[in-house]
Amino acid sequence: MMRAFGIAVATLGFYASDVHAQNTARLSQVERPLRVEVSLGMDREREYAGAVATVTSGAVAVRWAPNSFVGIRATAHGIRRHTESVFSYGLSIDHDSVETEDRVLALTLETDVSWRIWRDLTLSPSAGAGFSPYVHGRQSTVRVRATPDMTPDSYGNYSRSDVGVIWTLGIAVRYRHLVVEKKAIGLLGAESAVQFGREYYPWTIGYRF
């Protein structure tokens with residue numbers, strides 16, 4: 001009988017330790033302080049003269065949250081915006097076809113606060129700033145005229161690179177490994193490369209490890 005009692009105690013101890021290990025593993029997956037977030041995003045923006053810009057973005061971030069409320073995130077961003085516009089002149093066939101493209105690489109440091117909505121579901125507004133070592137703007141213009149035009153073909157075309165400063169605002173919803181975020185990313189400086197539309201507003205979806 002003592003032998004059977006010993007076996008029962010050992011069995012209960014084994015299952016108890018296994019359940020505890022599972023709970024600890026789950027806690028470490030959801031609540032551990034250091035996480036890596038990888039995200040992709042896009043947006044379509046209405047610009048001046050009715051042009052539609054397509055914004056695509058990618059980011060890799062390391063987020064450190066020493067407690068469950070405040071987090072600090074270091075992020076490497078890549079952003080591209082592409083726009084095609086047609087400007088017509090009166091009732092004639094005269095028009096300009098303009099294609100522009102912005103490319104921005106940036107490093108930012110952000111802070112956020114997390115409010116737990118339900119279990120592992122949290123809402124996190126954030127704000128930050130950083131530096132862009134690479135800002136490139138390109139514009140290509142094709143001019144179509146019914147009458148001869150003395151304007152050089154190179155008019156309205158450029159390709160320039162510069163550096164700038166970045167500010168960011170965001171609101172993120174996190175559920176376990178999933179992150180959905182709306183970002184506002186603004187560019188300061190680098191006017192020679194990007195003259196108009198110096199803010200980007202991508203939706204991103206990401207996975208955190």
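User: At what relative accessibility does Arg 176 stand, and is Arg 176 buried, partly exposed or exposed?
Analyst: This is a predicted model. Buried means under 20% relative accessible area, and exposed means over 50%. Arg 176 has 36% relative accessibility, so Arg 176 counts as partly exposed.

User: Where is the place of Arg 176?
Analyst: Strand S7 covers 158-175, and strand S8 covers 178-189. Arg 176 lies in the loop between S7 and S8.

User: What is phi of Arg 176, positive or negative?
Analyst: Most residues other than glycine have a negative phi. Arg 176 is a residue other than glycine, yet its phi is positive, near 55 degrees.

User: Is Ala 190 buried or exposed?
Analyst: The cut-off for buried is under 20% relative accessible area. Ala 190 has a relative accessible area of 3%, so Ala 190 is buried.

User: Where is Ala 190, and what is its phi?
Analyst: Ala 190 sits in the loop between S8 and strand S9 (199-200). Ala 190 is a residue other than glycine, with a positive phi near 55 degrees.

User: How many helices and strands does the protein have, and in what order do the elements run?
Analyst: The secondary structure comes to 1 helix and 10 strands. From the N terminus on, the order is α-β-β-β-β-β-β-β-β-β-β.

User: Which percentage of the residues of the protein counts as buried?
Analyst: The protein has 209 residues. Under the cut-off of 20% relative accessible area, the buried part is 34%.

User: What part of the accessible surface belongs to carbon and sulfur atoms?
Analyst: The accessible surface of the protein comes to about 12500 Å². The part that belongs to carbon and sulfur atoms is 66%.

Note on methods:
Residues numbered from 1 in each chain as written. Predicted model: local features only at pLDDT ≥ 70, side-chain atom pairs only at ≥ 80, totals over all residues. Heavy atoms only, no water. Helix = DSSP H or I, 4+ residues; strand = E, 2+ residues; numbered from the N terminus. Buried < 20%, exposed > 50% of the residue type's maximum accessible area, 1.4 Å probe, protein only. Areas by Shrake-Rupley, 256 points an atom, 1.4 Å probe, with all protein chains shown as cover.
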